[in-house]
Amino acid sequence: MILNRYLIKEILQAFLATLLVLLLIIVGNTVARLLGNVSSGQLPVDALGILVLIGSIKGAIQLAPVALLIGMMLAFGRLYRDNEVSAMHASGIGPGQFYQAIFLLLLPLTLFLAVQVLYVFPLLEQSQKSITSEIKQRPESSGIPVGEFMHSQSGGRSFTLFVESLNEQNVVMNNFFMQTDDGKEKRVMMAEQALLFIDQASGERVLQINNGSRYDQKISDGSFTLFTFSEHGIRVPSLISGVDQELSAAPTLALLKATDAPSNAELHWRFGIILSAPIMALLAFPLSYTTPRQGRFGKLAVGILLYAVYANLMITGKSMLEDGKIPGFLGLWWVHIPFVILALWLVWRRYGGLR
């Protein structure tokens with residue numbers, strides 16, 4: 001039908017434009033944050049591009065529902081402003097036919113979003129987790145630059161580090177030098193190689209120094225102690241703090257088989273993202289009604305406020321599910337159902353039904 005094609009075109013254009021603008025804002029903030037980590041030595045330059053790409057795809061998936069709400073409100077706001085909706089109503093076209101066009105667009109969009117949330121999103125989380133784990137085993141994540149001296153202080157102790165070069169895998173440090181001073185003792189270590197790795201038993205990062213010498217000087221009496229070693233280990237604190245990505249990276253089928261509360265919360269969260277798209281579409285049409293004097297942005301703030309309440313309730317509900325404060329069978333349905341009822345009530349109040 002010509003009307004359906006026209007409405008789908010208007011909504012799709014506004015949706016894609018809104019999604020692009022929101023995504024540019026999110027990606028810009030992500031790039032700025034990651035560049036800060038690169039400049040401080042917490043993140044290697046070669047990992048910047050892939051992390052930005054993963055963050056962009058994840059951002060697009062998460063922003064789709066709110067972009068759909070804003071895009072639909074902008075599209076229908078323009079139609080109201082130009083009196084096109086009034087002309088359609090005068091021709092006998094009711095809200096039911098508007099919703100027919102909306103759901104012709106929404107059905108494939110929701111199915112696409114479901115594939116992204118249930119399948120692609122966990123794969124992205126797994127990739128990000130793998131990259132983060134690999135970064136933690138590299139010298140850059142400890143703030144150890146290559147080919148220059150690095151000075152820092154921690155716990156009342158000053159450090160001076162120097163690494164001449166790295167191997168091809170950017171893991172093994174060649175010609176390693178480290179000097180420490182805590183005010184009572186100075187210590188100098190020089191070694192042929194040093195290796196940063198994660199201890200599988202404790203999960204801590206360990207700096208393993210091989211084939212070197214250590215010089216200790218007590219400041220009180222100036223005495224020296226010299227010894228050589230074939231292997232020497234030092235625990236290294238991580239400078240990159242991350243959240244637990246175990247559940248967010250878990251496949252959806254694994255979550256369906258799990259019976260614990262955190263897995264159930266993650267599963268309901270994923271289904272909640274999918275359901276939020278049609279729920280926002282239900283709300284967008286009645287909220288977009290404006291008079292010519294109000295302009296197309298008249299109700300936009302109300303729509304964004306409702307989405308903020310909806311998103312915060314979902315976040316709170318997920319946290320309560322994880323803590324076992326809400327029965328598992330209830331999930332996040334107590335968040336979705338009131339907004340569906342609100343959307344239907346707004347349509348009934350404005351148009352008297354979906355005729």
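Predicted model: local features only at pLDDT ≥ 70, side-chain atom pairs only at ≥ 80, totals over all residues.
Residues are numbered from 1 along each chain as its sequence is written, and side-chain values use heavy atoms, with hydrogens and water left out.

Let me begin with the aromatic rings. A pair of aromatic rings is described by the distance of the centres and the angle of the planes. Here, rings of Phe, Tyr and Trp (its six-membered ring) pair if their centres lie within 6.5 Å, and planes under 30 degrees apart count as stacked, over 60 as edge-to-face and the rest as tilted. A search of the whole structure finds six aromatic pairs. In one of them, F76 and F98 have ring centres 6.0 Å apart and planes at 65 degrees, so this pair is edge-to-face. It links distant parts of the chain, since F76 is in helix α2 (residues 48-81) and F98 in helix α4 (residues 95-136), 22 residues apart; helices are DSSP runs of H or I with at least four residues, strands are runs of E with at least two, and both are numbered from the N terminus.

Both F76 and F98 are buried, where buried means under 20% relative accessible area, exposed over 50%, and partly exposed in between, with a 1.4 Å probe and protein chains only. Y99 and F285 form another edge-to-face pair, at 5.4 Å centre to centre and with 75 degrees between the planes. This pair, too, links distant parts of the chain, with Y99 in helix α4 and F285 in helix α6 (residues 261-287), 186 residues apart. Y99 is buried, with a relative accessible area of 6%, and F285 is buried with 0%. Ring pairs link F76, F98, Y99, F103 and F285 into a cluster.

What, then, of the backbone? Most residues other than glycine have a negative phi. N175, in strand β3 (residues 172-181), has a positive phi near 55 degrees, and at 38% relative accessibility N175 counts as partly exposed. N211, in strand β5 (residues 205-218), also has a positive phi, of about 55 degrees, and at 41% relative accessibility N211 counts as partly exposed.

V21, which lies in helix α1 (residues 2-39), counts as partly exposed at 49% relative accessibility. Together, V21, I25 and I26 make a nonpolar surface patch of about 250 Å², with areas from the Shrake-Rupley method with a 1.4 Å probe, where for residues only the protein chains shown count as cover. Patches are made of residues with over 30% relative accessible area and no salt bridge, joining like charges within 9 Å and nonpolar side chains (Val, Leu, Ile, Met, Phe, Trp, Tyr) within 5 Å; a salt bridge is a side-chain nitrogen of Lys or Arg within 4 Å of a carboxyl oxygen of Asp or Glu.
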